Amino acid sequence: MESMEKKQKLTAALIHVLLILVSITMLVPFVWMALTAFKTITESTSVDPFVIFPSSWKVENFTEVINNMSFAKLYFNTLMLILGRVICAVLTATLAGYAFARLEFPGKKLMFSLVMFQMMVPGQIFIIPQYLMVSKLGALDTIFALVFPGMVTAFGTFLLRQSYMGLPKDLEEAARLDGCNIGQTFLFVMAPLARSGMVALGIFTAVFAYKDLMWPLICNKTVMPLSAALAKMQGQYSNNYPQLMAASLLACVPMIVLYLIFQKQFIEGIATSGGKL
């Protein structure tokens with residue numbers, strides 16, 4: 001019995017050590033970015049492995065970046081991008097997911113197969129059609145252009161469909177006996193029960209929108225989110241790494257704040273969906 005308890009304690013200790021090592025490995029790039037943001041250009045490009053901390057902490061990297069880049073506008077564009085995509089994705093996926101999971105209509109299987117087909121092909125093949133659509137609408141270089149590709153999501157439709165399929169049919173039958181039509185059953189009975197799936201979809205959509213890089217660089221020239229603005233800081237022949245890392249550190253602030261505010265919902269959504277970022 002004692003040997004069994006010792007073996008369990010040893011296993012638990014090894015697991016904790018492994019998790020700590022993995023956590024440190026994941027934190028190293030972020031710590032390196034934060035330290036580089038306070039270094040000089042010479043220190044940031046030094047090959048000396050012992051040059052870890054800056055000799056003098058240069059706050060000027062942050063002031064120069066803030067003065068040269070309109071971070072207030074970049075934060076606003078990124079916030080509008082995230083809010084627009086989250087609201088549209090959750091709304092359309094909730095309606096489509098309920099229809100595919102609970103309603104019977106002609107061509108249901110064919111339409112859902114088209115949704116699954118969109119998930120199986122690379123998203124890059126839709127860039128040209130999406131660009132032409134935005135261009136025909138005269139919406140290039142606008143917030144709408146940033147939001148447009150995420151207004152409808154195949155992944156969200158599939159995720160919400162699975163959430164609705166996991167609910168018992170007795171709820172709908174009870175709602176019909178109480179006199180509810182399809183819209184009332186969806187709005188007052190089924191949708192509130194699929195809230196965890198909506199939260200998970202909102203989290204995924206927000207993270208994917210925040211780190212979207214290719215589409216903003218294609219459709220917009222001035223109305224940029226943070227990811228595209230950071231990419232434009234890289235020069236063809238040389239890079240100012242301290243200022244680039246300072247801008248990257250400032251760009252991390254919105255997601256860190258959002259995580260601290262919605263930490264509970266974030267963890268519940270990921271645990272409920274069984275997905276990973």
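Residues are numbered from 1 along each chain as its sequence is written, and side-chain values use heavy atoms, with hydrogens and water left out. Because the model is predicted, local features need pLDDT of at least 70 and side-chain atom pairs count only at pLDDT 80 or more, whereas totals for chains, interfaces and linings use all residues.

Eleven aromatic pairs are present in the structure. Rings of Phe, Tyr and Trp (its six-membered ring) are taken as paired if their centres lie within 6.5 Å; planes under 30 degrees apart count as stacked, over 60 as edge-to-face and the rest as tilted. In one of these pairs, the ring centres of Phe38 and Phe62 are 5.0 Å apart and the planes stand at 50°, so this pair is tilted. Phe38 belongs to the loop between helix H1 (2–36) and helix H2 (41–44), while Phe62 belongs to helix H3 (residues 60–68); the pair therefore ties together parts that are 24 residues apart in sequence. Helices (H or I, at least four residues) and strands (E, at least two) are DSSP runs, numbered from the N terminus. Phe62 has a relative accessible area of 13% and is buried, where buried means under 20% relative accessible area, exposed over 50%, and partly exposed in between (1.4 Å probe, protein chains only). Ring pairs also bring in Trp57, linking Phe38, Trp57 and Phe62 into a cluster.

A stacked pair is formed by Phe204 and Phe208, with 6.2 Å from centre to centre and 20° between the planes. Both residues lie in helix H11 (residues 195–210), four residues apart, about one turn of the helix. Phe204 is buried at a relative accessible area of 3%, whereas Phe208 is partly exposed at 40%. A contact between a charge and a ring is found at Phe112, where Arg161 lies over the face at 4.1 Å from the ring centre. Such a charge is counted if NZ of Lys or CZ of Arg is within 6 Å of the ring centre and within 35 degrees of the ring normal.

Salt bridges (a side-chain nitrogen of Lys or Arg within 4 Å of a carboxyl oxygen of Asp or Glu) number four. Among them, Asp212 and Arg85 meet at 3.1 Å, N to O. Glu104 and Lys108 form a salt bridge at 3.4 Å, N to O; Glu104 is exposed, with a relative accessible area of 70%, but Lys108 is buried, at 16%. The salt bridge of Glu60 and Lys58 has an N to O distance of 3.9 Å. Glu60 is partly exposed at 41% relative accessibility, and Lys58 is partly exposed at 25%.

Zero disulfides (pairs of cysteine sulfur atoms within 2.5 Å) occur in the structure. Cys180 is partly exposed, with a relative accessible area of 25%, and Cys252 is partly exposed at 21%.

On the surface, Leu27, Phe30, Val31, Ile256, Tyr259 and Leu260 form a nonpolar patch with about 540 Å² of accessible area together. H1 and helix H14 (241–261) are the elements that give two or more residues to this patch. Patches consist of residues with over 30% relative accessible area and no salt bridge, like charges being joined within 9 Å and nonpolar side chains (Val, Leu, Ile, Met, Phe, Trp, Tyr) within 5 Å. Accessible areas come from the Shrake-Rupley method with a 1.4 Å probe; for residues, only the protein chains shown count as cover. Leu260, in helix H14, is exposed at 58% relative accessibility.
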